[in-house]
Amino acid sequence: MSGLIAAPFVVWAAVRLTGLEPGWPWVQLVAFTPYVALCGLLVAIALLGLRRWVAGGVAAVAAVALVAVVVPRAVADGGSPQGTALRVLTANLLAGEADERAVLDLAKRLNVDLVAFQEFTPGAERELDAAGIADVLPHRASFPVEGVEGSAVFSRHPLRDPAVRTQKGGFRQARATVELPGGTRVEFESVHPMAPHARATTPLWRQNLDAQQRATPDGPIRVLAGDFNATLDHAALRRLIDSGYRDAASVTGDGWSHTWPYDERWYVPTVALDRVLVDRRVGVRRVETHRTPRSDHKALYAELVIAS
């Protein structure tokens, strides 16, 4: 019996460490790896306390392995280059149901330079225009769609080459190059792959993440911001990061700051789906989560530094 209790933690650790993820529903379950790591430690302590030495030892090894992969995201890497500040906000508007005016007020309060919207609808755009978004963020790459597939980028600074990337499954990702004071250019994209909410959508979710723009350490500076529908425990997201990105929240030690579900579904443990990925030449000074009324996501703010 003690072996059966320890076995799930061993399997979980093996799958997480190898990155050989089975299909649905594993891709949903893996998001809760930090909770499993904690439970694994408690189970190991209990088994060892009951003198189930073999099962307890195996459970302890599995738990420690899981803890080792989740703890670093809560440890700041220290330091930030000097350069031009770039304040970024990303917000999922829940198919236009969120309070757009509240999000705009947040953007004003934080003095943001760039906002990435997901689930951006024509109605959301009309509401933001009526609220005066052009007065603070006059440049845009806007591709609204009814439902959950639209997105947009709004900027304080001029945008070049506004375009949209349409993912398999229909999700649209607004993108553009922002021209900062001094002439530095940063490629910026509002990311929103399809969610792996069912067996049929899981392959599209993986394809969408694999299709994201890889980092170009010797090319254009690139920042990806949005609702990735993935946590740092998903192999597909780790492959993207390994191309040369850093997760902004992990850089500042805020990698455990959860953004979904914000609407207080007590029966769903919260996880971090919204994030900002930055080129390794980009520093990160601060990351915060903020309430987004009537959305199921929190907004994520990152204060970046573009090295001069």
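These legends describe close-up views of a predicted model. Local features need pLDDT of at least 70 and side-chain atom pairs count only at pLDDT 80 or more, while totals for chains, interfaces and linings use all residues. Residues are numbered from 1 along each chain as its sequence is written, and side-chain values use heavy atoms, with hydrogens and water left out.

**View 1. The aromatic rings of F117, F120 and F154.** Ring pairs link F117, F120 and F154 into a cluster. Rings of Phe, Tyr and Trp (its six-membered ring) pair if their centres lie within 6.5 Å; planes under 30 degrees apart count as stacked, over 60 as edge-to-face and the rest as tilted. Five aromatic pairs are found in a search of the whole structure. The pair of F117 and F120 is stacked, because the ring centres are 5.6 Å apart and the planes stand at 15°. F117 and F120 are both buried (buried means under 20% relative accessible area, exposed over 50%, partly exposed in between, with a 1.4 Å probe and protein chains only).

View 2. R51 lies in the loop between α3 and α4 (53-70), and E119 in the loop between β2 (114-118) and α6 (122-131). Helices (H or I, at least four residues) and strands (E, at least two) are DSSP runs, numbered from the N terminus. R51 has a relative accessibility of 64%, so it counts as exposed. E119 has a relative accessibility of 9%, so it counts as buried.

View 3. The bond from W24 to P25 is cis, with omega near 5°. P25 belongs to the loop between α1 (2-18) and α2 (26-29). The bond from W260 to P261 is also cis, and its omega is near -10°. P261 sits in the loop between α9 and β10.

View 4. T231 has a relative accessible area of 4%, so it is buried. D233 is buried too, at 1%. Contact means heavy atoms within 4.5 Å. Not counting residues up to four places away in sequence, T231 touches V30, A31, L237, V271, A272, L273 and R275. Leaving aside neighbours within four places in sequence, the residues in contact with D233 include R16, E21, V30, T33 and R238. The side chain of D233 makes polar contacts with the side chains of R16, at 2.8 Å, and R73, at 3.1 Å. A polar contact is a pair of N or O atoms within 3.5 Å; within protein, one must be able to donate a hydrogen and the other to accept it, and residues adjacent in sequence count only if both atoms are side-chain atoms.

View 5. On a 1 Å grid over the protein atoms alone, a cavity is a set of points where a 1.4 Å probe fits but cannot get out, and a pocket is an open set with protein on both sides within 12 Å along at least five of seven lines; lining residues have an atom within 4 Å of a point. The volume of the largest pocket is about 460 Å³. Its lining has 22 residues, and A195, P196, N229, W260 and L273 lie nearest its centre. The second largest pocket holds about 350 Å³ of space. It is lined by 16 residues, with P72, R73, L232, I241 and S250 closest to its centre. β9 gives the most to this lining, with three residues. Seven residues of the lining of the second largest pocket are nonpolar, one is polar and eight are charged.

View 6. One cavity of 30 Å³ or more is found in a search of the whole structure. The volume of the largest cavity is about 170 Å³. Of the 21 residues that line the largest cavity, R73, G255, H258, A272 and R275 lie nearest its centre. The elements that give two or more residues to its lining are α3 (33-49) and β10 (274-279).

How values were computed: Points joined across faces, edges and corners; volume = space filled by probe spheres on them. Nonpolar A, V, L, I, M, F, W, Y, C, P; charged D, E, K, R; others polar.
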